[in-house]
Amino acid sequence: DQQHRKQQQRWQTECRLDRLNALQPSRRVQSEAGVSEYWDLESDNQLQCAGVSAVRHTIQNRGLLLPFFSNAPVIFYVIQGMGFHGAVIPGCPETFEESGFQQSQRSQEQHQKVREIFEGDIVAAPAGVAQWVYNNGDSPLVLVSFTDVGNQANQLDLNTRRFHIGGNPQKDQRSEQEMRQQSQSLSRRRRSESASERRNPNGNIFSGFDVGLLAESFKIDNELASRLQNQNDRRERIVRVREDLHIVSPGRIQEEERRHEYRRGSYDEEEYRRRSYGGEYKMTNGLEETFCTLRMRHNIDRPSQADIFNPRGGRVTTVNNFNLPILRFLRLTAERGVLYKNAMMAPHFNLNSHSVFYVTRGSGRCQIVDDFGRNVFDGEVQEGQLLVVPQNYAVVKQAGNRGFEWIAIKTNDNAMRNPLAGRISAIRAMPEDVLSNAFSISREQARNLKNNREEVTVFSTQSSQQGRKY
Amino acid sequence: DQQHRKQQQRWQTECRLDRLNALQPSRRVQSEAGVSEYWDLESDNQLQCAGVSAVRHTIQNRGLLLPFFSNAPVIFYVIQGMGFHGAVIPGCPETFEESGFQQSQRSQEQHQKVREIFEGDIVAAPAGVAQWVYNNGDSPLVLVSFTDVGNQANQLDLNTRRFHIGGNPQKDQRSEQEMRQQSQSLSRRRRSESASERRNPNGNIFSGFDVGLLAESFKIDNELASRLQNQNDRRERIVRVREDLHIVSPGRIQEEERRHEYRRGSYDEEEYRRRSYGGEYKMTNGLEETFCTLRMRHNIDRPSQADIFNPRGGRVTTVNNFNLPILRFLRLTAERGVLYKNAMMAPHFNLNSHSVFYVTRGSGRCQIVDDFGRNVFDGEVQEGQLLVVPQNYAVVKQAGNRGFEWIAIKTNDNAMRNPLAGRISAIRAMPEDVLSNAFSISREQARNLKNNREEVTVFSTQSSQQGRKY
Amino acid sequence: DQQHRKQQQRWQTECRLDRLNALQPSRRVQSEAGVSEYWDLESDNQLQCAGVSAVRHTIQNRGLLLPFFSNAPVIFYVIQGMGFHGAVIPGCPETFEESGFQQSQRSQEQHQKVREIFEGDIVAAPAGVAQWVYNNGDSPLVLVSFTDVGNQANQLDLNTRRFHIGGNPQKDQRSEQEMRQQSQSLSRRRRSESASERRNPNGNIFSGFDVGLLAESFKIDNELASRLQNQNDRRERIVRVREDLHIVSPGRIQEEERRHEYRRGSYDEEEYRRRSYGGEYKMTNGLEETFCTLRMRHNIDRPSQADIFNPRGGRVTTVNNFNLPILRFLRLTAERGVLYKNAMMAPHFNLNSHSVFYVTRGSGRCQIVDDFGRNVFDGEVQEGQLLVVPQNYAVVKQAGNRGFEWIAIKTNDNAMRNPLAGRISAIRAMPEDVLSNAFSISREQARNLKNNREEVTVFSTQSSQQGRKY
């Protein structure tokens, strides 16, 4: 029945792709406490076809990625490190509060839920939801974040628009503006606009308001109101926290998790419910039943939760609306792939979505084929690169000698893969005689074609043992 | 669970808006018994970004706005006066009939439901549903009507297309055609079409049919069939009714309503069910369960139904799929705002929709800020003007000395507002330390920023008492 | 409640149609055992407006239309003949197997369900689902197939993209590529791409993969792998089967059907459930509950199932999500119309969809009117021609002397027709006085206009008796 409600609608894009490329970031911005590397939609027609942009944030210890929201849903994956993630959902209660509950609430710290994040987690947030990330660990926290600009939730235009609450990321915004202007001047489809007419970026969203109106809005004095505009701030998007960041948090989560690892997926929600409904909170609108209690985080890297596992090949884990329900709203699926040395992912196509994948470790050879049977990509994709696989295009992957690991997002909340080879595959599903006539081969050959490869989607190879090269 | 089905999809538009403007109508057409003033989509890139056009009809006493349907959903608001509204929903029964029930039905007047409309009502109708409005009051009936051209229900193109059943609004159509042609010649994106090739408008939808086929279709003589084409009619869209318009109507609704005002919202439906299921009517298709019984009208102006009310500031009333279920199909939300003298609406952004508002009374100062923190609007919006607030753009409003009242439509059936200040707000939801680091302020200052303004969304101001000017 | 989930979203197109035309195929490709005639989207702005392309396949006896999948949902109608249809749905079990069940399954033939198809059937398949068709009858099997390129399921671009599994339809692909290139060079909206840069089509989807990777994927030798690429195959899309095609099939379906014709609609499903759940099959994913068991075929031509039947006029049968649930996913409705000699289809408009119809027999006069009341089509549409009726445009049809039969697809899973004349019509739904004022006619005339034509949608005519010409 849930399937019956499944729907998808995307921004329409052009996918005239004669040649795909493994992509490096198009833009890099250094902040006070980290660096952000962007794959801008404007920079590449593959990304435009898929409607997905990406950014890799490297956040140093005690670095804080300042609060911002986007015009489109965001999924990020924690490549390395640990930290806290906060999201601001309008109308949801401030459920995290200091323990001295009986005292005046006015002076007590209260804020909406924060969640600890670890390597291997994905975090999914709807369009328009403000987010921040803090690195409380000892090593850099590295995230790769995908923004689904082509998502129906975006009613603006096919640009990644980030609205900053705090800070003053002028350098970042200026480089983004340049990227957009270049793209527009290249495109004949868009109206002429002299770049000089466009005014410069101005920082966070408070920068554009009158200081007096801000002071009135917050009932603060004009001096503090002017601080909201952060005019002389040069720290960019990732700032260094001056003292250690004080956040109310459930605490000891880590320790408990080590003992009850299996419960991790559901921890957040239970914690929330206990705090929320045990108290006196009155709902402010009908949203609490939905967004407020929806889990945003999911560990996609735990081998035990793989959907496909081949001890001689690797594993594939899919997170979609069934195991992370917020993805129903976001209309996205995440896929984690781990191929061992020289193993293969069956030739397949994505039935109902594009796929954009980022290589988190190792490298692999990929081939991609379009509707005219033309090879549009044949090459090695390295750690740190991004590749777009358009909907319905056929793709095959083979891991290199160091293995091949990726995180992919797919533009459908129940993305479907159709393998062409293996025990569950399109070829297996067809009658032998259809195959023998399609390929002008004998029935015996058709039978081999259907049945020889018994594995499902993740294949071991002869070369796995032999250390085959290409 | 209802939330799970919530979805939105819009026409993709361009929102390269360096500067917004408060808009006056772009076109005015005088009819026999009224005047129509249009905010054409083609006339303005803000309206194109939002995908919403508007028209204000001023209908004189005994004026009839002739039946028409649009390629997109319509919501109108009754600014002033009273009247009748009829809608034609295919497959629904003619449930309003003359009282002499036992007689030959053939000669009895029967028609689909009509509804009385009053100042403060909104009426919502799906795309393709023919509507007419009649002013049976003593003063002009003034409506402002929004057409959501960017709505998914419109499969044609991003023009407001009105199909007229009756009349012959040649002047109106010709001015509309000129507006479209100007827009096309300005736009480089569209194909060249010499204007001369486009034939002139021809009036109502019967004008394009052969008279013989019309006569055959209705089993009428050719002379009456040719009258359907109204060739020499110069009355335009709003005509003066020759004798008083005879409509079957439940009657005495007004009197009863004064006594049972609280029941008003549900009156129509009850009336319908009694008449419909009490009779012998056989359903013609599965639609009756849905559209036929859905309420189209809702009073959005009653103070007691406000969602946010501040006795020193004003009120905001939201009508969405929860209190007017037809809006689920239309994917629209309506908002009524009333700010008292000098009061403020909290700085906020619309999470998941555009907002287009029309000032029904007074005036207010508005500021709007884009993703780069640039002020794209800073000015006073007057009674009778329209302003577009794009999705995610931050906006603040402050009423002038005469107060500030508006009706807004938002392009989502559950539009969400995210206030930045006040008791329920993004700033309140974030930890103090995130704020103190984001704005480089002290913890004490962060606490003030979070907590000083205790009101929700509608704020009283110092100047409320002092009669502050700007 | 089902209605509440009803939604539609389409690719946005341009519908600046001053003149519509009855369309002949734009392209014809001869295969070894049949011929394919295409109505390419790229060839015509009416098809682009509707977002629907079409093809008519004439498959000779023992001809096999090779497996392919599209980037958009497909509905085809069997104009003539009989055959088998196979579809490959990823994750669904191979439920059709040889009877020797106890033996080694490895060597047994197993494949996914196939269905027999007959004249008068429609078959509906989602985007990305591979399909093949085999003519096992004695006469040619003729299909007209509609691809809903504007459907939300297509995330690529507004081209009909066919991915072939098997064969090597070079001639077909080359003519298609030329069509696309012409269309692009005509359109100013698209980026310049020198045609020379575009590489030639290369055949089926295996053609673009490395032979070694194919061999590894299927665990076959390189020679067989290279056969998958079919380099020297000149048979195109429809090939002649060398011996009779051996398919596992329920058998005797035809005979049983003649006795239990009324059960036919549900036969497939029952057969499937018995075979599927009676066995030991374990579900591989959550899909089985939905796509795997959904019926794809429906006979739309059986007179007894007509929705509208007038013994002196003809009949109209509608198949939508209510009687063929897979259409909910496909968001399409099919309509079968049969008008007797000189009978009429009431003037009407399609409320929420475009309509694209193909004339299967006879001919008829059609008139179509746009929003400005202009006649944009007035002509005779012949057997074998296609006509687009854009959303909301008013249309009237009258059969010629040999009658008029068509199959239409409509771009909504619950397409609604709004007749303007007849017992259920927009005119009937309006009060007499609204009509008398709209058309400046008397009340008596308005009453005749409303009530004279008592039939519903399908009208007999005077000329039926008189053999009227036009």
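Start at the interface of chain B and chain C: select both and you have 35 residue pairs in polar contact, both partners at pLDDT 80 or more. A polar contact here is a pair of N or O atoms within 3.5 Å; within protein, one must be able to donate a hydrogen and the other to accept it, and residues adjacent in sequence count only if both atoms are side-chain atoms.

Before going on, a word on what is loaded: this is a predicted model, where local features need pLDDT of at least 70, side-chain atom pairs count only at pLDDT 80 or more, and totals for chains, interfaces and linings use all residues. Residues are numbered from 1 along each chain as its sequence is written, chains are lettered from A and ligands numbered from 1 in the order in which they are written, and side-chain values use heavy atoms, with hydrogens and water left out.

**Stop 1: chain B against chain C**

Colour the side of chain B that touches chain C. Among the elements that each supply at least two residues to it are helix 3 (170-186), helix 4 (211-218) and strand 4 (63-70) of chain B; helices (H or I, at least four residues) and strands (E, at least two) are DSSP runs, numbered from the N terminus. By class, this side has 30 nonpolar, 32 polar and 27 charged residues. Nonpolar covers Ala, Val, Leu, Ile, Met, Phe, Trp, Tyr, Cys and Pro, charged covers Asp, Glu, Lys and Arg, and the others, Gly among them, are polar.

In all, 89 residues of chain B are in contact (heavy atoms within 4.5 Å) with 84 residues of chain C. The two chains bury about 7,900 Å² between them, 53% of it on carbon and sulfur atoms; that is the accessible area (1.4 Å probe) that two parts lose on being put together, summed over both.

Now pick Lys450(C) and Glu109(B), which form a salt bridge with their closest N and O atoms 3.3 Å apart. The term means a side-chain nitrogen of Lys or Arg within 4 Å of a carboxyl oxygen of Asp or Glu, and this interface has three.

**Stop 2: chain C against chain A**

The buried area is about 7,900 Å², with carbon and sulfur atoms giving 54%. Three salt bridges turn up here; select Asp371(A) and Arg180(C) for one of them, at 3.1 Å from N to O.

**Stop 3: helix 4 of chain C**

Select residues 211-218 of chain C. Six of the eight are buried, so helix 4 is largely enclosed by the rest of the structure; buried means under 20% relative accessible area, exposed over 50%, partly exposed in between (1.4 Å probe, protein chains only). Leu213(C), Leu214(C) and Phe218(C) are among the buried ones. At the N-terminal end, Asp210(C) is the cap, with a side-chain oxygen 3.0 Å from the backbone nitrogen of Gly212(C). After the helix comes Lys219(C), whose phi is positive, near 50°.

**Stop 4**

Jump to Arg331(A), in the loop between helix 7 (326-330) and strand 18 (333-339) of chain A. Arg331(A) is not a glycine, yet its phi is positive, about 60°. Arg331(A) is also buried, at a relative accessible area of 3%.

Finally, superpose chain C on chain A: a turn of 120° and a shift of 0.0 Å along the axis give an RMSD of 0.0 Å, by least squares on the C-alpha atoms of residues with pLDDT of at least 70 in both. That is the relation of a three-fold axis. The copies use different surfaces, with 6% of the contact residues of chain C recurring in chain A.
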